[in-house]
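Biologist: I am new to this model. Please take me through one part of it closely, step by step.

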Amino acid sequence: MEPDRDAIPPDAENEDRRFFLKQSMFIAGLSMAPADFLQAALAPDDGPVGNAVKVKLSLTVNGKRKRITIDPRMTLLDLLRENLGLTGTKKGCDFGQCGACTVHVDGRRTLSCLTFAVMQHGAKITTIEGLSDGEKLHPLQEAFIKHDGFQCGYCTPGQIMSGVACIREGCAGSAGEVREYMSGNLCRCGAYPNIVDAILEVKKEGLKV
Amino acid sequence: MNRKSLDNPSDNSLSRVDGAVKVTGTATYSAEYVVPELAHAVLVTSTIAKGSITAIESQEAEAAPGVLAVISHLNAIEVPGWPARKQPAERAPVGTAFRVFYDPLIYFDGQPVAMVVAGTREQAVHAASLVRVTYRKEIHQTHFEKNTSKAGIPLNVQRAKNSPFQDYARGDAAALTNAEVRIEAEYTIPTQHHQPLEPHAIIAVWEADDKLTVYDKNQGVKSAQGQLAQAFKLPREKVQVVATYIGGAFGSGIRVWPHTMAAVMAAKQVKRPVKLVLGREQMFTSVGYRPYTVQKLTLGASKTGQLAGIMHEGTGQTSAYEEHLERTVLASRALYASAYAATRYRLLPLDVNTPTWMRGPGDATGMFALESAMDELAFALKMDPLEFRLKNYAESDPERNLPWSAKSLRECYELGAEKFGWKNRMQEPRSVKRGGMLLGSGMASSLYGFHRHPSKARALMQADGSVIVQSATMDIGPGTGTAMTRIAAKVLGVNAKKIRFELGHSALPDAPGQNGSSTIPSVGSAVHVVCEALKSKLVTLAGEMSERFRSGGQPVVRNGQVFSSGEDKEGINYSDILKYHQLKELEVTEESKSGAERDQYSMYSFGCHFVEVEVDPLTGEVRVTRVVTCADVGTIINYKTARSQSIGGVVGGIGMALMEHSAMDHRFGRYVTNDFASYHIPVHADVPPIEVYYIDKPDVHVNPIGSKGLGEIAIVGVAGAIANAVFHATGKRVRELPITPDKLI
């Protein structure tokens, strides 16, 4: 799927993209450059963070345009949690094995811990915080409360983001299908049967997800 | 009998009071507090299992961008509450021995040896990779089976004559020796880890030289407050511990662990708030685990199925520096009416980190063995396993010779058997197939001791008639706030929406940590009592407002109003009572605790599980296809959340029985299962529909609310029921968990 970049003003987009490309090539070049060149080449503005340079990045998170300068080693998950204050996306394992960090990138479910933030230039990210319509909860959020689809609540944002994708992608036809499809989202409290009930109900009601 | 099921929740249960914040991602967990000037810490851990550090080369790390400090035993601040001494020469009770960054000694692989603190997480992660640690290695012992000869009576039991872990025997041992039918078997459970989805995390903030606030993932803010105050020699009120939302724990948060101390020490040292989040791999060596345990059961019975004797011996693993004890063998003394019963409990110290309590501690382990052995004996007797248990039903506690405070286990068995369809079960193993799969069913009993600790709660009636109820209790997931709101709403006769329950902060009234299924029995009682006291005050104040109250009727409360009697049509609003008396707020604090009843009755929660499995005869793959679980825990406070807790226990039991195994490479004394790809816990596809039933009869002797604990018995016995079902399906008895395909083909 091509990222939908309509939300970004064309000028800013081009400017960001030019900067990004320039910088990407620059970083790629650095890996082969002698150390003293490396030191000399760093402009004060883009000064060292760790042993890397900072990178400018533009992306849309929950409908809001963000232009930031970040450490290229930062994952999308850490960007959301540590820099943007969006702690609804959870860090469960940081290895892509638990699903707690699931977000939607350009509409696709993505493990944000396995994604460097710099890879998301121009992308549209939706996190759990962006799922509800203001005060009005998303139908699957409502269904999770109704069916008690969680206990401690830590895997919940990831379960809901995956659950929404499960319905959107047409994989919520039966309990068995939901269980198979949702198996990348771990829940140690064991709320699984209630989560499945919640997803099936929303699917059955045919509500817009 | 009040038999309610919530499989189609139609009762008047409350949905979780914190549901909206949890589904919108706005609940704040320990690592998520916004603190200015926050620095990030990353641990460097040992790569040997025993020996000592000879050098730490940290210059390169210290010179790396953003690094504030590299902390180790070479430069860590002194913890004033630790009296100067060597690390302990002999094993001490848990919580007293291990001191992080104290000296160069290494007790286990994965032990924190240094910590890098930097401005950002990325900087800290990189700098941690630059720290070089060299060691003097000693030969380590981590292999349980190869060291069993070193097991012994725990030192702390040797010193305590009244310890429940002393060797125990009642009746005549000859009854077992001469029993007509006997079985003898050894059962093993490997090390298993809690692995809550939220990694342990802490933000430590020194607000002043003598004032500490920590946002820490733990199961007891009051006990953490006490331990940190003691370590840093501060008055309790100078230390505040906050843990409002906890992303699961299952026992891993009961203690204040070394990493917690490390973060607090680091924050003092770098003079900035410090955040430390354990990596998933560090969760295997930092916050305890269910210990590797080997148990030997000898059971004897008459040919007619009367138990003649039970001998239960268990040896659990502990660390070289602390003794972790658990109830492994104790259930065998109380569950069945056996004239002869004996237990022995031993510990085997190894060069590993200390285990800790994990959901259903001891009993989940012990009852896997006992309930497997009961199934084996029933099979040897050619008796139905349920009939065998009913035949040996203990009408009073055979260990303490006391009446039960209440016991409806018989009703549990009957209800569970009926819902499961147990009576249609073919007794012969490997006799039923379904779609090419071997089909089996098994059952097991469950029990867990009743724990009630002194607890306080405060109730604050606001001018608008809403109520704030507070207690320093916790919610690691069961829905504490929801249950407490339910209790308060019922007593005060107000809508639950008008009640706010506050927990998880050490400044709130004293309450125990969330462990041992003690929260509802303890804090639920305190909330009940404080709301009763508030109600009395409101009734008294209302009485001063109207003539009607002088007619001698019994005042009642409902819909946020006080009525002079049940017949009174005109109530006085709570808000009007406060207004009339010119009160901004009405505050009551009460304490609730056990009394003499503890010596008059034996108190337990009971339950049972019925499980159906399918086993692939070619691959040995086991699938749990159906579970019916039934519990007798007195009054159910809130069905919806209770049911979820029961389901969660069964899911934990499926993991324990079929997949969870922390495997160690003994050449290095290191876990090779160190993430979710290698340490398997149940996923959606592993969990079938689970039916939950409760007896829901108040236990009038235990506390004012008639309610006992549920969290532990939800898992206790599940692994046994699954193992029994696998035997029924395949004819093969697996005595070593987890029951993986290699053990069935």
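Biologist: Which hand does the crossing of α4(A) and α7(A) have, left-handed or right-handed?

Modeller: This is a predicted model, in which local features need pLDDT of at least 70 and side-chain atom pairs count only at pLDDT 80 or more, while totals for chains, interfaces and linings use all residues. Residues are numbered from 1 along each chain as its sequence is written, and chains are lettered from A and ligands numbered from 1 in the order in which they are written.

The crossing of α4(A) and α7(A) is right-handed (the near helix is turned clockwise from the far one by less than a right angle). Helix α4 covers residues 139-146 of chain A, and helix α7 covers residues 192-205 (helices are DSSP runs of H or I, at least four residues, numbered from the N terminus). Their axes come within 8 Å and cross at roughly 135° (axes are lines fitted to C-alpha atoms over the stretch in contact, with angles from 0 to 180 degrees between N-to-C directions).

From α4(A) come A:P139, A:L140, A:A143 and A:F144. They face A:A198, A:I199, A:E201 and A:V202 in α7(A) (contact means C-beta atoms, placed from the backbone, within 7 Å). By class, this contact has seven nonpolar residues, one charged and no polar (Ala, Val, Leu, Ile, Met, Phe, Trp, Tyr, Cys and Pro are nonpolar; Asp, Glu, Lys and Arg are charged; the others, Gly among them, are polar).

Notes: Helices (H or I, at least four residues) and strands (E, at least two) are DSSP runs, numbered from the N terminus. Two residues are in contact if their C-beta atoms, placed from the backbone, lie within 7 Å.
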